[in-house]
Amino acid sequence: MTAEPASQDETSRLSAAEAEISAAIVRCACGDRLALRVIYDREAARMVGVAMRILRRRDLAEEATHEAFLRVWRGAHGFDPARGTARAWLFAIVRNQALTVLRNEQRFDADTLDESHEPDLGAAISRLPETSALRRCLQQLDTGRRSAIVLAYAHGFSHGELAGRLGVPLGTIKSWVRRGLRSLQECMG
Amino acid sequence: MTPDRDDSPLAAEYVMGLLDAEARADAERRIASDADFARQVETWRARFSQLDDTAEEVAPAGDLWQRIESSLSKEAPIAQAPAVGMIGRFWRSIAALRIATLGSAVTAILLAVVAAMTLQHAQQVAARKPIYVAILIDDATRQAGAVVNAFADGRVEMIPLVDMNVPDGRALQVWTLWNREIGPRSVGLLSRAKATQLDLEKLPGTTADQLFEITLEPAGGSPTGRPTGPILYKGTTARTL
């Protein structure tokens, strides 16, 4: 797996995407179907990728992305460009949708998820831009706390799954996560 | 309630998806009722969102868009629920504007409009007069800068009356506001002042007292989808006789 930090080009590409997505969400709120298509063309592959990291199955990742687009359409009027960033809003929707699918799948059929894909813990952090405060602050955390936070956010691990994967009791995991988050909060201001 | 310092990890755990169903529902209720907590959630969301860009892109199946579209067509048309949050200081001065419009400026503006219409659009006006007209004026100088005409067939045009100074790298953006809850919508983008057809096709029909305004924005249009630059001219529609 490639693990290159995001380049300068990537950073400017992302800020252009941000403006475009923000405008498109506002147009969706007016009922402009073409604007939803703009979001799809620009972000659908990344959205499937985000869902895939959590669900580890492509059909489920597409299902989550499908539902996420319906939610974007219905919820576009609630997006406030002044409050949050557009892409963060968009990805929060697809992540939540993926987590919902994950919880349902686990409830109904524990075997459907492909456990053979071990999440690559280092990849997420090493791909953050070199200049990223999140990268710098995550790297300052103890390995256990850092792993717990990244596995939970990027791979949708629950406290219980984190305890299993990292081989520590549930109570320890909960306190690692909390303390890790406090350190991140201080570090990122 | 919970001291502030305990809220931040809770907001983060909500964003990460670590809360159980009950705690999650509590958190959602708090987002709706507690602005501080909602802000902390936004902050964490923005912090973590960089991790989303570390996911590999996975091209969706070729028919995913069609499936989404077909789900959308099965849904009822979206209800235009009230938008959350800011409508902006921008639009508040509208009341003041109306009073100003009623004052002495009105004669001068009407003259300017009549002149503009006579000179530039005599034929069209004779053939098909607009049902609504808005005179966009400069708040500071009370000078009329443009006219917006809305026709019965839904066509809306903007005709400048003065040459507007557009610095390099900037553009004129035309906005309309017909509902404060929904907020302003962009209906046109121009590199310089010129008569232009405005794009209101996707908006509800133009009505009386609908606000139009022209702001100065970065070339390519406002990056946020809302007016960000100074207002050059603004005015509301009035029905023609």
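## A bend in chain A

Helix 2 of chain A bends by about 60° at E43(A). The bend is the angle between axes fitted to the seven residues ending at a residue and the seven starting there. Helices (H or I, at least four residues) and strands (E, at least two) are DSSP runs, numbered from the N terminus. Helix 2 covers residues 33-55 of chain A, and its end C-alpha atoms lie only 28 Å apart. A straight helix of 23 residues would span 33 Å at 1.5 Å a residue. The expected span is 1.5 Å times one less than the number of residues.

## About the model

This is a predicted model, in which local features need pLDDT of at least 70 and side-chain atom pairs count only at pLDDT 80 or more, while totals for chains, interfaces and linings use all residues. Residues are numbered from 1 along each chain as its sequence is written, and chains are lettered from A and ligands numbered from 1 in the order in which they are written.

## After the bent helix

R56(A) follows helix 2 of chain A. This residue lies in the loop between helix 2 and helix 3 (58-75) of chain A. R56(A) is not a glycine, yet its phi is positive, about 60°. Is R56(A) buried or exposed? R56(A) is buried, because 20 other C-beta atoms lie within 10 Å. A residue is buried if 20 or more other C-beta atoms lie within 10 Å of its own, exposed if 12 or fewer, and partly exposed in between; C-beta atoms are placed from the backbone.

## Chain A overall

Chain A has nine helices and zero strands. Along the sequence, the pattern is α-α-α-α-α-α-α-α-α. Chain A has 189 residues, and 46% of them count as buried.

Two residues are in contact if their C-beta atoms, placed from the backbone, lie within 7 Å. Take the contacts in chain A between residues at least 6 apart in sequence: 67% of these join residues at least 24 apart.

## Helix 9 of chain A

Helix 9 of chain A runs over residues 170-188. Its 19 residues reach 27 Å from first C-alpha to last, close to the 27 Å expected at 1.5 Å a residue. Which residues of helix 9 of chain A are buried? They are I173(A), W176(A), V177(A), G180(A), L181(A) and L184(A). Seen down the helix axis, these buried residues of helix 9 of chain A fall within an arc of 125°, so they line one face. The arc is that of the directions from the helix axis to the C-beta atoms. An α-helix has 3.6 residues a turn, so residues three or four places apart point the same way.

The face turned away from the buried side of helix 9 of chain A carries the exposed residues G171(A) and E186(A). G189(A) follows helix 9 of chain A, with a positive phi near 65°.

## Where the chains meet

In chain B, 45 residues are in contact with 59 residues of chain A. Helix 1 (4-16), helix 3 (35-52) and helix 4 (64-74) of chain B each supply at least two residues of the side that touches chain A. The largest share, nine residues, comes from helix 3 of chain B. The side of chain B that touches chain A divides into 24 nonpolar, ten polar and eleven charged residues. Ala, Val, Leu, Ile, Met, Phe, Trp, Tyr, Cys and Pro count as nonpolar, Asp, Glu, Lys and Arg as charged, and the others, Gly among them, as polar.

## A loop in chain B

T207(B) is found in the loop between strand 6 (196-198) and strand 7 (211-218) of chain B. T207(B) is partly exposed, with 13 other C-beta atoms within 10 Å. T207(B) and A150(B) are 57 residues apart in sequence, and their C-alpha atoms are 8.9 Å apart in space.

D209(B) also sits in the loop between strand 6 and strand 7 of chain B. Its phi is positive, about 65°, although D209(B) is not a glycine. D209(B) is partly exposed, with 13 other C-beta atoms within 10 Å.
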